[in-house]
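This briefing is intended to be read alongside the sequence and the structure.

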Amino acid sequence: MVATTLAELVANPYAAKSYIVILSPFDGSQVTNIYLSDRGYVSGPAESPANTYFAPRVMEALNFQRSMFQSGRVGGESIPSFGTIILSNADGGLDDFATYAWDNRDVEVKIGEKGANLSQHFTIFKGKTKSVEFNDLELSVIIRDGQDSFTRTFPPNVYGGTGGNDGSSIMAGTPKPLCFGQVFNISPILVDESSNLYQVHDGPIESIDAVYENGAEITGFTTDLANGRLTLSSAPDGVITCDVKGAKPSGSYKQTVADIIRFIAAEYGGYSDPADFDTDSFDDLNTANSETVGVYVDRFTNILEVFDELANSVGAFYGFNRTGELNVGRLTAPTGTALLELDDTNIIELQRLPTSIPNHRVNVLYKKNYTVLDEETLAASPADRDFVLRESAVATASSAGTLSVYPNSETLEIDSRLIDSSAASAEATRVVGLYGTQRDVYRIRVKTQPFTIKLNDLVKITFPRYDLQGGKLFRVISLFEDAAINEVELELWG
């Protein structure tokens, strides 16, 4: 009997697997769909696509690597996941692929049982192609998950330099600023000096809460919230800064990590379809941390860097699941019921990796000061001297006894975009609970079916060495799946 679910299929070690790959490159005139398989397949008249030949070119359907963070680290920057699909090309039948445009084009991989129809093949990956590589026998399709879309230049809009709201000629090609959540002491962009017109965001905003000249609050200004602008009533004599509550698309002010990431992905990353998002994961992150954050972008960067600033503020991570949905999560201690239990009957190789010395103190920087002033610049009576002279405020939490056990323990500093002292203190306390004690990291290779394990899943390892005899819980922080040999390599933290 043919499996009716992916879980049922991968749980059957005797099932003969069948793979289907659908590629969608630009062929020079239009996006074209290319249908391939590992065994050869013709879809039926009632299937979609109907009566279509899936050429038997697939040699290795998918090997794919995902990580929460940069390799060898827990926390910090994220990187796009990547992988490869290997196609047979000994006859040169795919040589035309070299002339196609592959960057950021859709790819889908499905798995089913041999003999199953198209509807009984289950999607195990949706993502984007990056490029293709050739040798005399094979063609390798280099694939990425959707994070590759977030490497594009950000902010996307620039001043044209035609004067007025479009900036002077010397401003042509410079980025229009973007502001998300609540930010402090930012330097607005002077768009038109003759009219004292400044801009803080390319679009509608919630409010401009205060404007300062050399750190002293002034009142002589008007706002254009629909376009993220303000106009001073007279020419300034010093440095102009302001406090702003930023982007308010369609009347909905965005201020949490989850909501800002989702908005940026939809508005600037090309993921506007609600089906592009794992909505439950965004709701869960808002439940875990709904504190206000803020980020101001007034120079060219990319979306990934902005997402990292936001996610790191609350210990979160982001990425795409196998079906191509953008999801978010938060690293927490490994407690609860394991979704997968592994022991020496299915562990092929286990390696204990070097671990970081526990941190005896965690400093969370918050309420970022976007324009640090000096004593010479300050007005006679600044609004908040202590704040404007420093890059941020700091909240601290300590782990009692850690320093006595680990004399070389260091302070972990987190450059967050949180704005509130109580929120920053709570995050510092949470993080020191995670990293103020000894944590183990293992890399294991297991003979288990791929495509069933996700990042942040809870796994239990029972092994006759390394004090794992009684079993221990871990979080999955990295995984590499190889469909060709049905093996999975995991990095586990706990």
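Strands are DSSP runs of type E with at least two residues, numbered from the N terminus. With that numbering, Asn 196 is placed in the loop between strand 12 (189-192) and strand 13 (197-199). The model is predicted. The protein chain contains seven helices and 31 strands, and buried residues make up 52% of its 494 residues.

**Overall chain**

- Taken along the principal axes, the C-alpha atoms of the protein chain fill a box of roughly 80 × 65 × 40 Å.
- The accessible surface of the protein chain is about 21800 Å², and carbon and sulfur atoms account for 46% of that surface.
- Among contacts in the protein chain with a separation of 6 or more, 68% are between residues 24 or more positions apart.
- The protein chain carries 39 positive and 66 negative side chains, and the centres of these two sets lie 5 Å apart.

**Backbone features in loops**

- Asn 196 has a phi near 55°, a positive value in a residue other than glycine.
- Asn 196 counts as buried because its relative accessibility is 12%, where buried means under 20%.
- Asn 456 also has a positive phi, near 75°, and is a residue other than glycine.
- Asn 456 is situated in the loop between strand 28 (441-446) and strand 29 (458-461), and at 17% relative accessibility Asn 456 counts as buried.
- The peptide bond from Ser 48 to Pro 49 is cis, with omega near 0°; Pro 49 belongs to the loop between strand 3 and strand 4.
- Phe 154 and Pro 155 are likewise joined by a cis peptide bond, with omega about 0°; Pro 155 is found in the loop between strand 10 and strand 11.

**Aromatic pairs**

- Ring pairs are counted where the centres lie within 6.5 Å, and by this rule there are 21 aromatic pairs.
- In the pair formed by Tyr 41 and Phe 54, the ring centres are 5.6 Å apart and the planes are at 65°, so the pair is edge-to-face.
- Tyr 41 lies in strand 3 (residues 41-42) and Phe 54 in strand 4 (residues 53-56), so this pair ties together parts that are 13 residues apart in sequence.
- Both members are buried: the relative accessible area is 16% for Tyr 41 and 0% for Phe 54.
- Phe 150, Tyr 271, Phe 307, Tyr 318 and Phe 320 are linked into a cluster by ring pairs.

**Charges over rings**

- Arg 262 lies over the face of Phe 282, at 5.9 Å from the ring centre.
- Lys 367 has its charged end over the ring of Phe 387, 4.9 Å from the centre of that ring.

**Helix 4**

- Helix 4 (residues 303-313) is mostly covered, with eight of its eleven residues buried.
- The buried residues of helix 4 are Ile 303, Leu 304, Val 306, Phe 307, Asp 308, Leu 310, Ala 311 and Ser 313.
- An α-helix has 3.6 residues a turn, so residues three or four places apart point the same way.
- The helices against which the buried residues of helix 4 pack include helix 2 (257-268) and helix 7 (421-435).
- The strands against which these buried residues pack include strand 10 (153-154), strand 19 (294-297), strand 20 (301-302) and strand 21 (316-320).

**Surroundings of Gln 182**

- Gln 182 lies in strand 11 (residues 178-186), and at 16% relative accessibility Gln 182 counts as buried.
- Leaving aside neighbours within four places in sequence, the contacts of Gln 182 are Asp 209, Val 244, Lys 245, Tyr 253, Thr 292, Val 293, Gly 294 and Ile 419.

**Surroundings of Ile 218**

- Ile 218 is placed in strand 15 (residues 216-218).
- Apart from its neighbours within four places in sequence, Ile 218 is in contact with Val 211, Tyr 212, Glu 213, Leu 232 and Ile 240.
- Ile 218 and Val 109 are separated by 109 residues in sequence and by 59 Å in space, C-alpha to C-alpha.

Methods:
Residues numbered from 1 in each chain as written. Predicted model: local features only at pLDDT ≥ 70, side-chain atom pairs only at ≥ 80, totals over all residues. Heavy atoms only, no water. Phe/Tyr/Trp six-rings, centres within 6.5 Å; stacked < 30°, edge-to-face > 60°. Helix = DSSP H or I, 4+ residues; strand = E, 2+ residues; numbered from the N terminus. Buried < 20%, exposed > 50% of the residue type's maximum accessible area, 1.4 Å probe, protein only. Lys NZ or Arg CZ within 6 Å of the ring centre and 35° of its normal. Contact = heavy atoms within 4.5 Å. Areas by Shrake-Rupley, 256 points an atom, 1.4 Å probe, with all protein chains shown as cover. Lys, Arg positive; Asp, Glu negative; His and termini not counted. Charge placed at Lys NZ, Arg CZ, Asp CG, Glu CD.
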